[in-house]
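These are my notebook entries on a structure that I examined. I set down what I looked up, entry by entry.

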Amino acid sequence: MPTLNDIIAPIETAAPLAWQDSWDNAGWQICPADPATAECTGALLTLDVTEAAVAEAAREGFNLVVSHHPLLFKGLKHITGATSRERIAAAAIRHGIAIYSAHTNIDSAPGGVNFRLAGMLGLENIRVLVPRRNDLLKLVFYTPAAQADDVRQAVLAAGAGHIGGYDSCSYNSEGVGTFRAVSDACRPFVGTAGELHREPETRTETVVPRHLLTGVIRALVQAHPYEEPAYDIIPLEVPYRGAGLGCAGDLPEAVPTAEFLRHIVRTLNLASLRHSEIATETVRRIALCGGSGAEFIPAAVAAGAQLFLTADLKYHDFQRGEGRITLADGGHFETEQQVLDVFYELISKKIPNFAVRRAVMPSNPVGYLSGLR
């Protein structure tokens, strides 16, 4: 039987918690037992943690609920059952059910919420709309020339050296390193203790995403022949295009804007679709952000998109297209519900035949009433 951490591991690999926004609270919300040792009896997937979802998990004998939206953004001062959050927390603890949420971290992940939505709509050449910043580092290290290739390959295999569509990226230059072993405890790989040594070395520079740094440094130290390898870690201002919010892509060919809006309605099974004045007769490049994404309208324009699909647009947001881009609001729940398929596939691929399923009761708090006169 897998542990709770075993079930969550593929999600955190695909969407590291380091990718969540500063205001977010992704990760473990409630965990009545040690997730490293507690066996998981089944996982229920839901967009929002509701009382119905916790009750369903309890009926099925599942001790894990995985949600997109966190149950807890701010601390609870008491648990008296006065609010739904308090009742949910109390019920989860009472039934021994752990709750885990992947929110803006999986929004930012390639293959996550936005990339999945783009694929559903038939977009190609999909790329991040707003890349993450302060997530890219330069790693510089020095290796004896004879061992430089082996150490470099170990570092690259651990996740360093990815730039856009390229991997194994590094810059290498030759020089001479000097050192002297001054302690009897030193066991120099080359040179003699107490004597200044000059060694032909290769300086290697490469890039590392911040969330992979620990593993990359571990690989460097393990592969390096020196007992004290020298390396530098330098923060970069360059945006990290491997992750970020929203995405943009292209349709195989331009289609009438009104037709694409109807395509959104059919694909997402929408009860309604709000949109701005149609800015262009046809569309081909589409930008999108599942959930609330009004702040990314300028980024969508800068990406050359003719249409931007998101949710939670306010009245005046629809004026921000200024005749250059059509804005469409597909609903918060409707533009994010595909995350449950992402969760399901990540868990099932890693642990086949495990009991994981979507909650029966939808968690959309918004209803639609039509046909009134």
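Helices (H or I, at least four residues) and strands (E, at least two) are DSSP runs, numbered from the N terminus. Arg152 and Asp149 form a salt bridge, with their closest N and O atoms 2.2 Å apart. I use the term for a side-chain nitrogen of Lys or Arg within 4 Å of a carboxyl oxygen of Asp or Glu. Arg152 is buried at 13% relative accessibility, whereas Asp149 is partly exposed at 47%. Buried means under 20% relative accessible area, exposed over 50%, and partly exposed in between (1.4 Å probe, protein chains only).

I note the basis of these entries: the model is predicted, local features need pLDDT of at least 70, side-chain atom pairs count only at pLDDT 80 or more, and totals for chains, interfaces and linings use all residues. Residues are numbered from 1 along each chain as its sequence is written, and side-chain values use heavy atoms, with hydrogens and water left out.

**Entry: further salt bridges**

How many salt bridges does a search of the whole structure find? I recorded 14. Side chains of opposite charge can pair when their charged atoms come close.

One of the salt bridges joins Arg127 to Asp250, the closest N and O atoms being 3.5 Å apart. Arg127 lies in strand E5 (residues 124-132) and Asp250 in strand E10, so this pair ties together parts that are 123 residues apart in sequence. Arg127 is partly exposed, with a relative accessible area of 30%, and Asp250 is buried, with 12%.

I also looked up Arg324 and Glu322, whose side chains meet in a salt bridge of 3.4 Å, N to O. Arg324 is partly exposed at 48% relative accessibility, while Glu322 is exposed at 60%. Salt bridges with shared partners also join Glu56, Glu60 and Arg357 into one network.

**Entry: the sheet**

I traced an open sheet of 6 strands, in the order E5-E10-E12-E13-E14-E11 and with mixed pairing. Its edge strands are E5 and strand E11 (274-275), each of which pairs on one side only. Two strands count as paired if DSSP finds at least two bridges between them. Strands of a sheet pair through backbone hydrogen bonds, either parallel or antiparallel.

In which sense do strand E12 (residues 282-292) and strand E13 (residues 307-311) pair, parallel or antiparallel? They pair in the parallel sense, over 4 bridges. Ile286 has Leu307, in E13, as its bridge partner.

**Entry: aromatic rings**

I counted rings of Phe, Tyr and Trp (its six-membered ring) as a pair if their centres lie within 6.5 Å; planes under 30 degrees apart are stacked, over 60 edge-to-face and the rest tilted. The count comes to 5 aromatic pairs. Trp19 is buried at 5% relative accessible area, and Tyr240 is buried at 13%.

The rings of Trp28 and Tyr100 have centres 5.1 Å apart and planes at 80 degrees, so the pair is edge-to-face. Trp28 lies in strand E1 and Tyr100 in strand E4 (residues 98-101), so parts 72 residues apart in sequence are tied together. Trp28 is partly exposed at 28%, whereas Tyr100 is buried at 0%. I found Phe179, Phe189 and Tyr226 linked by ring pairs into a cluster.

I also noted that Arg358 lies over the face of Tyr344, at 4.7 Å from the ring centre. For this, NZ of Lys or CZ of Arg must be within 6 Å of the ring centre and within 35 degrees of the ring normal.

**Entry: a loop residue**

Glu237 is in the loop between strand E9 (231-235) and E10, and at 67% relative accessibility Glu237 is exposed. I looked up its separation from Gly61, 176 residues away along the chain: the C-alpha atoms are 48 Å apart.
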